[in-house]
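Please have the sequence and the structure open while I speak.

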Amino acid sequence: MARRKLLLLLKPFDVFPVRHSDASRIINSQTSQILDYLDNRRRVHKDAIRFCQSILQRKPIDWEPVLRNDLSQPIRNVDIVVTIGGDGTLLQASHFMDDSIPVLGVNSDPTQAKEVEDLNDAFDATRSTGYLCAANVNNFEQMIDDILEDRSVPSKLTRIAICVNSRLMPKYALNDILVSHPCPAAVSRFSFRIKKDDQPCSLLVNCRSSGLRVSTAAGSTAAMLSAGGFRMPILCQDLQYMVREPISPGASLSLMNGVVKPDQVMDAAWFCQEGVIYIDGSHVRYSIKHGDNIMISSKAPVLRVYLPSHVLS
């Protein structure tokens with residue numbers, strides 16, 4: 001078997017606060033319980049990284065570990081990317097990937113149902129959801145073997161492409177985008193319509209609201225679902241959109257949410273002095289200004305992801 005090249009992208013340890021030795025003298029029992037929980041999360045994540053690295057050392061793979069915060073250039077010249085962390089680490093990797101390299105997500109710190117139940121009266125003990133992560137420490141070696149021996153095939157996930165004034169933005173969204181005023185309390189003013197082959201196929205919608213959210217099928221279970229959207233089959237190529245908190249929509253209420261088909265684009269115009277397009281959360285953002293034209297579509301390179309079987313069913 002030929003040796004493969006692998007990039008191992010790691011969630012850093014320091015995302016979890018570290019308890020100082022003298023902290024117990026100045027904190028109450030609930031705070032101590034929370035710090036114990038965070039200490040455990042840090043240890044579990046660190047142990048998962050060590051475990052996965054020990055597995056890779058036994059395989060015909062040349063691999064390089066990189067902290068996700070150190071990733072700054074497009075990922076090239078590897079056969080596979082493995083992310084260790086959760087969905088956030090996989091999302092960050094996706095911003096540096098095209099459709100030529102598959103990615104496997106490892107959930108290093110899965111939520112433990114009994115822990116959540118036991119600590120429910122004290123705090124939310126939810127750990128990593130890992131919705132897009134097919135692997136954990138229990139099945140990582142089997143997943144790697146299946147990939148190396150071509151028994152596993154990655155799925156193709158739709159992403160969002162954004163053009164501002166006809167210029168393609170360099171990052172594609174795997175989950176969703178939010179177009180809004182930089183201040184969450186300020187009103188966002190914009191208009192949009194759906195087009196196909198450069199011809200309108202919907203009415204022009206003029207909005208005053210808290211912004212516009214557009215999601216992929218992968219992102220339809222995240223913020224979009226929480227806002228009242230609907231869950232989409234993971235391999236669906238449609239985009240779902242929703243105007244956030246529209247002000248007096250009147251007869252346009254039915255147009256405040258809908259879908260953009262693969263052969264369509266959303267053509268939007270921005271009418272505030274300033275605005276921001278947020279990509280998959282708050283870390284990647286592009287500034288926009290009054291009069292800017294924003295084209296939103298699924299005409300982006302897909303992301304090839306090894307998905308959990310329950311997500312595909």
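Let me start with Ala2, which is placed in the segment before strand E1 (4-10), where strands (E, at least two residues) and helices (H or I, at least four) are DSSP runs numbered from the N terminus. This is a predicted model, in which local features need pLDDT of at least 70 and side-chain atom pairs count only at pLDDT 80 or more, while totals for chains, interfaces and linings use all residues. Residues are numbered from 1 along each chain as its sequence is written, and side-chain values use heavy atoms, with hydrogens and water left out.

Is Ala2 buried or exposed? With a relative accessible area of 59%, Ala2 is exposed, given that exposed means over 50%, buried under 20% and partly exposed in between, with a 1.4 Å probe and protein chains only. Ala2 and Ile61 are 59 residues apart in sequence, and their C-alpha atoms are 8.6 Å apart in space.

Moving on to the sheet, we have an open sheet of six strands in the order E2-E1-E3-E4-E19-E5, with mixed pairing, where two strands pair if DSSP finds at least two bridges between them. Strand E2 (61-67) and strand E5 (155-157) stand at the edges with a single partner strand each, so one side of each is left without a neighbour in the sheet. E1 and E2 run parallel and are joined by seven bridges, and within E2 it is Asp62 that stands opposite Lys5.

Helix H2 (residues 87-94) packs on this sheet, touching E1, strand E3 (80-85), strand E4 (103-107) and strand E19 (303-306), with contact meaning heavy atoms within 4.5 Å.

Finally, how many cavities of 30 Å³ or more does a search of the whole structure find? The search finds one, a cavity being a set of points on a 1 Å grid over the protein atoms alone where a 1.4 Å probe fits but cannot get out, with lining residues having an atom within 4 Å of a point. The largest cavity has a volume of about 40 Å³, the volume being the space filled by probe spheres set on the points, which are joined across faces, edges and corners. Among the residues that line the largest cavity are Val179, Phe190 and Trp270, and strand E15 (residues 264-270) gives the most to this lining, with three residues.

Methods
Axes fitted to C-alpha atoms, helices over the stretch in contact; angles between N-to-C directions. 1 Å grid on protein atoms, 1.4 Å probe; cavity = no way out; pocket = protein on both sides within 12 Å on 5 of 7 lines; lining within 4 Å.
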